[in-house]
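Dear colleague,

I am passing on a structure that I would like you to look through before we next talk.

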Amino acid sequence: MGIRELIEKKRDGRELSGDEIDYIIQGYVGGQIPDYQMSALLMAIFFRGMSEKETEEMTLSMAHSGEMLDLSAVKGCKADKHSTGGVGDKTTLVLAPMLAACGLTVAKMSGRGLGHTGGTIDKLESIPGFSTRLSMEQFTRQAGEIGLALTGQTENLVPADKKIYNLRDVTGTVEQMSLIASSIMSKKLASGADVILLDVKTGSGAFMKEESEAIELARQMTALGLAAGKETVAIVTDMDQPLGHAVGNALEVREAIAALHGEGPKDLMELCYVFGTYLLEVSGRVTDHEEARGMMENSIKSGAALQKFAQWVEAQGGDPAVAENTDLLPRASIVMDLITESSGFIEHIDCESIGRACERLGGGRSRKEDAIDLSVGVVLHKKVGDRLENGDVLATMHGNDLDSMKEAKDILFGACHLSRTPVEPGKLIRWVVSKNGIEKY
Ligand code: URA
């Protein structure tokens, strides 16, 4: 069959075979299938969906479309962690050194921010000198030597996803569950780790606004990881308010370093402890849940995770002194408190708007990789459930341009909704999806 017949097949709701999917992926990456035909196919998939078998074939075909990273030279189990994207999500910056301090190697490729969500690579680039472009040789050597390496995605890793994602972005076909699952998991499988933890966000700041959709995405991705022989756990977590207090690249690094000093916000620390506990267990390093949790907590108390962070920064060309002195990070020239003029309990914080306010300040990056200002962002002093009195500081804005700060201020005030009666915040950790099935946390 040619591509036209395959588009018709999908349009009519019939299942594509593995060979047909390979033909499509290779043809598209190789330039024999033009964008207009691939767009039509993606739209057919958008409406018809893909079966589990098709999704698995698509994932494997995309994963093999470029280089498959071989981490076998690095001794022991290698762990990877992925978040589907959130606001204020600096978990990797804290979790990775904690795990490495507990003896589990973290070798991970990270992405830049997407839309209103931040990216780990942008955050790390706010550390003076830190290189996020390691060669594959450097990446594996460093992972072997210090148990921790993190780099941006290489050009040759899953080229099919790069090309298809760009097309989805402009054809209204991003929000299709099986396409999202295969896009994320193809990159995870090509990155060579043995154990994978997926943080699937749900809520106003997440791609999956509804919890039921997040559970389904978690289920599909876990199934793809397990089918490929990787120990995979997905945890569905709340993104109905930013994680921690800081949103913005350098501000988030500052908060992550505070967390490594034992002064992290409760929600961020809890995610790190829980994710780390699961990863230590599935990697086989520890069999007892309590022991794994104890190890994670101790990595902070003993200062071992902070030390590992400084070692990591130094290994990637950054100034390790940042671990003790966050004044080395870029700072915005204007710092402005947002004073509230009403009172009540914070009922809801629209995360996407918080992310958009940071973009307005100049700290967001679209897929086109515009230059961004790493110093800007927002520190929210109040979380859902907190009482707010007239005259309280709701947030502090860090910016370099008064006009954009005025716009961001309106967005920020509009993002926080108050209630007269006390509010119970949503549960931070909702569901765990693993080879044991879907369990309430
Ligand atoms: N992140 C990805 O990598 N791919 C998607 O399709 C959506 C989010």
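Predicted model: local features only at pLDDT ≥ 70, side-chain atom pairs only at ≥ 80, totals over all residues.

Residues are numbered from 1 along each chain as its sequence is written, and side-chain values use heavy atoms, with hydrogens and water left out.

The protein has 16 helices and 14 strands (DSSP runs numbered from the N terminus, helices being H or I of at least four residues and strands E of at least two). Its radius of gyration, taken over C-alpha atoms, is 22 Å, which agrees with the value near 22 Å for a compact globule of 441 residues (the rule being 2.2 Å times the number of residues to the power 0.38). Of the 441 residues, 57% are buried, where buried means under 20% relative accessible area with a 1.4 Å probe and protein chains only.

Helix 5, residues 91-101, is mostly covered, with ten of its eleven residues buried, among them T91, L95 and M98; G103, which follows helix 5, has a positive phi near 90 degrees. Helix 12 spans residues 266-282 and reaches 24 Å from its first C-alpha to its last, close to the 24 Å expected, that expectation being 1.5 Å times one less than the number of residues. Because 13 of its 17 residues are buried, helix 12 is largely enclosed by the rest of the structure, and just after helix 12 comes G284, with a positive phi of about 85 degrees.

Around the ligand lie Y165, R168, I180, S183, I184 and K187, each with a heavy atom within 4 Å of the ligand. Helix 8 (159-171) and helix 9 (177-190) each supply at least two residues of this shell, and helix 9 gives the most, with four.

A polar side-chain atom of R168 is 3.0 Å from a ligand oxygen, and one of K187 is 2.4 Å from a ligand oxygen, whereas an N or O atom in the side chain of S183 lies 2.6 Å from a ligand nitrogen. The protein covers 91% of the 230 Å² of accessible area that the ligand has on its own, as given by the Shrake-Rupley method with a 1.4 Å probe.

With best wishes

Definitions and conventions:
Polar contact = N/O pair within 3.5 Å; in protein donor to acceptor, adjacent residues only side chain to side chain. Buried < 20%, exposed > 50% of the residue type's maximum accessible area, 1.4 Å probe, protein only.
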